[in-house]
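Hi everyone, thanks for coming. Please take a moment to look at the sequence and the model on the screen, and then I'll walk you through a few spots.

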Amino acid sequence: MISVRNLTVSFGTTQVLHDVSLDVAKGESFALVGESGSGKSTILKALGGQLTSWGGELDIIDAPQGAGSKLALARKVQMVFQDPYGSLHPRRTIDDTLNEPLIIHGEQGRDKRVLDMLDAVGLSRRFRFRLPHQLSGGQRQRVAIARALMLDPPVLLLDEPTSALDVSVQAEILNLLKSLREEKGLTFLLVTHDLPVVSFLCDRLAILRAGRIEETTDVATLRAGQFSSAYGQELYQRSVDG
């Protein structure tokens with residue numbers, strides 16, 4: 001579903017990714033784990049079409065990144081950002097936000113699709129014509145997830161989707177994402193520094209350090225705390241010591 005081969009990214013004279021390679025299977029939930037600045041979000045931005053300059057090969061659903069239009073890419077992959085308030089237009093209602101991708105792509109039956117999506121993300125229809133500041137953080141993140149799913153993309157890129165939320169709300173959003181993945185057969189690529197989130201939501205993970213993958217393993221290894229790399233073991237111990 002997702003194939004990354006020898007991805008290299010530089011910002012000016014600073015190289016932030018060094019020949020990163022990974023594969024994510026259809027229906028899999030895969031995590032990129034590492035400290036701030038390790039290059040996790042840069043990988044998502046490259047896959048999401050937000051970077052114009054990079055080296056290597058990126059394929060999503062067997063189509064090379066950059067080979068098609070941005071409209072075609074939007075039907076394949078969407079991103080859910082860390083800060084739901086920052087990612088939503090403050091002067092547009094929830095209805096406007098959810099309708100926008102449907103209008104851009106010339107979709108029909110928009111009214112029903114908006115209502116159905118509100119139901120799917122567990123957000124009451126009475127919020128449809130409210131503005132983002134009239135919603136809680138968890139409700140805004142549900143809107144952000146709904147917007148990402150309006151075009152039925154098979155792939156979601158999740159950039160720390162719960163880190164800006166209260167702990168109690170984090171659990172609700174994680175449960176929602178897990179349910180949506182199962183119901184819709186979605187493929188997730190998740191960026192996080194939170195190993196318990198990975199354990200709950202993901203099947204496999206790659207550990208990044210300074211733009212390089214230290215190791216790729218499965219969640220069973222994470223739960224057992226048996227990483228093969230010293231850095232992976234260090235991250236695990238930090239999480240345990242908490």
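Let's start with helix H4, residues 94-104, and helix H6, residues 137-149, which pack at an angle of about 20° with their axes 8 Å apart. Helices here are DSSP runs of H or I with at least four residues, strands are E runs of at least two, and both are numbered from the N terminus. The axes are lines fitted to C-alpha atoms, for helices over the stretch in contact, and angles run from 0 to 180 degrees between N-to-C directions. H4 and H6 are therefore roughly parallel, a label for angles under 35 degrees. Their crossing is right-handed, meaning that the near helix is turned clockwise from the far one by less than a right angle. In H4, Ile94, Thr97, Leu98 and Pro101 meet Val143, Ala146 and Arg147 of H6, where contact means heavy atoms within 4.5 Å.

Before I go on, a word on the source. This is a predicted model, in which local features need pLDDT of at least 70 and side-chain atom pairs count only at pLDDT 80 or more, while totals for chains, interfaces and linings use all residues. Residues are numbered from 1 along each chain as its sequence is written, and side-chain values use heavy atoms, with hydrogens and water left out.

Now, which helix else does H6 pack with? It is helix H7, residues 167-184, again at an angle of about 20°, with the axes 10 Å apart. That makes H6 roughly parallel to H7, and this crossing is right-handed too. Among the H6 residues that meet H7 are Gly138, Gln141 and Ile145.

Next, helix H1, residues 40-47: six of its eight residues are buried, that is, under 20% relative accessible area with a 1.4 Å probe, counting protein chains only. They include Ile43, Leu44 and Leu47. After H1 comes Gly49, with a positive phi near 80°.

Let's move to strand E9, residues 204-209, which holds Leu205. Leu205 has a relative accessible area of 0%, so it is buried. Leaving out residues up to four places away in sequence, Leu205 touches several residues, including Phe30, Val198 and Phe227.

Phe227 is itself buried, at 8% relative accessibility. The structure holds one aromatic pair. The ring centres of Phe227 and Tyr236 are 6.3 Å apart and their planes are at 55°, so the pair is tilted. Rings of Phe, Tyr and Trp (its six-membered ring) pair with centres within 6.5 Å; planes under 30 degrees apart are stacked, over 60 edge-to-face, and the rest tilted.

Notes: Buried means under 20% relative accessible area, exposed over 50%, partly exposed in between (1.4 Å probe, protein chains only). Angles under 35 degrees count as roughly parallel, over 145 as roughly antiparallel, 65 to 115 as roughly perpendicular and the rest as oblique.
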